[in-house]
Amino acid sequence: MHEVKLEQFTGPLGLLLRLIEKEELDITELSLAKIADNYVDYVQTNKNIPDEELADFLVLAARLLYIKSKALLPYLVFDEIEDNEDNLERQLKMYQDFIVASETLAALIGRKKFLFTPSALNRNWRRRKVVKPNFIAPKNLTPELLADRYEEILNRLVAAIKFLPEENLEAKISIDERIVSIRNLLGRKLRFSFSKFLKTAKNRTEIVVNFLAVLELAKQHELVFEQDGLFAEIQVVAIKQ
Amino acid sequence: MKLQSILESLLFISNQPLSLKDLAKAADTDILEIKEVLIKLGREYQESERGFILVNNNDKYQLTTAPQNADLVSRFLKEETSGELTPASLEALTIIAYRGPVTKAELEMIRGVNCSLILRNLLIRGLIEELQDKTLGEAVYSVTLDFLKYLGVSSLNELPDYEKLHAREPLKNSVEEDDLNLETKIN
């Protein structure tokens, strides 16, 4: 693997664009597939990526690997995300256009043809004293106005919240917790009926948790299952330590 | 002709950008009429190579010194204006300048990275401003008149390739496309 050294880049797309330009590739689906490994290597070895941006870099890595996998296995059809690489290709081209435009803007700023207004004169010319702003109460400010505005803000929040799908938070029980309670149960009763145990569950999630907890304990050799015949009742039996 | 002279006086005396609304109220005239006169006025200033120009952004107007005199004026004011911007801020500013008013989501889709911090810095520096878009129900960002002063142009239309980059079709969110498909199926 050759060492990649890139000048400063400004985000995941910036990095991708630099890598593509470095390999002198055009922005196409094929080059995106080709460059995927380089990109992943770079993200893995580069320590300069700010933590708060890392997630965005990884999202792009995932998109690239998906494109690469499609290029490697063309006979697999994925209709769900059909548009994906087309989007990235378009997105990157658009990004490139803006990079070019930002260089033009930098050049414009670089001319230093700043425009000045009278306020600049008042502020800085010859007297460098800082003038303290006097407090002047706005004429139309009344307690009612504040109350109105506050209500408006609240209404806006309510409107925003209205669109969120409602979901009640259920008290979730973890597998670890359930394992402890099963151990206690076996400590007291030595054996219990599996179907009766499942019936104690209050909802589907708990059924799954109960099931997984029992399996986990079986794996850890704390209990075994006994069944007299096909479709007969399953008994959960503690193993004496 | 009278309206032109009124507007000129108002712009001359104000030390901050005036909106079309401010001007319409002060001059007691229709907004559209004022806009027409201002466009004419701005063109006149530039064509006659005056020492000031009329800058406009988001329907706000301000008289500023002409870009060609920048060196001399800044020496006179002893004002040190640096041209420094980080590449990332410049990139975000470019997108906001060309695509503005733009939502945070669209900005992030184009840049491919979270832009909260950059937006905050640009807001603090007064290079961009935030407005609440009532139809979208979220905040949109555009560059300020101060940013135009920094660039030395009298309006965003003067930016190279402005029409082309401004009009580019929006990036579609794949979720939205799915939603559309669903809707057509139901119908």
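In strand 3 of chain B, B:Tyr61 is the bridge partner of B:Leu18. Strands here are DSSP runs of E with at least two residues, helices are runs of H or I with at least four, and both are numbered from the N terminus. The model is a predicted one, so local features need pLDDT of at least 70 and side-chain atom pairs count only at pLDDT 80 or more, while totals for chains, interfaces and linings use all residues. Residues are numbered from 1 along each chain as its sequence is written, with chains lettered from A and ligands numbered from 1 in the order in which they are written.

Strand 1 and strand 3 of chain B pair in the antiparallel sense over two bridges; strands count as paired if DSSP finds at least two bridges between them. They belong to an open sheet of three strands in chain B, with the order 1-3-2 and antiparallel pairing. Its edge strands, strand 1 (18-19) and strand 2 (52-57) of chain B, each pair on one side only.

Helix 3 of chain B lies across strand 2 and strand 3 of chain B, and runs at about 140 degrees to strand 2 of chain B. Axes are lines fitted to C-alpha atoms, for helices over the stretch in contact, and angles run from 0 to 180 degrees between N-to-C directions. Then there is helix 2 (residues 20-27) of chain B: its axis and that of helix 3 (residues 31-47) of chain B come within 9 Å and cross at roughly 105 degrees. These two helices of chain B are therefore roughly perpendicular to each other, a label for angles of 65 to 115 degrees. On the helix 2 side of chain B, B:Leu20, B:Lys21, B:Leu23, B:Ala24 and B:Ala27 meet B:Ile31, B:Ile34 and B:Lys35 of helix 3. Residues are in contact if their C-beta atoms, placed from the backbone, lie within 7 Å.

Turning to the two chains, their contact takes 37 residues from chain B and 41 residues from chain A. Helix 5 of chain B gives the largest share of the chain B side, seven residues.

Chain A has nine helices and three strands. Strand 2 (residues 223-227) and strand 3 (residues 234-238) of chain A pair in the antiparallel sense over five bridges, with A:Gln227 opposite A:Ile234 in strand 3 of chain A. Six residues sit between the strands of this chain A hairpin, where A:Phe231 takes a positive phi near 65 degrees.

Notes
Parallel < 35°, antiparallel > 145°, perpendicular 65-115°, else oblique.
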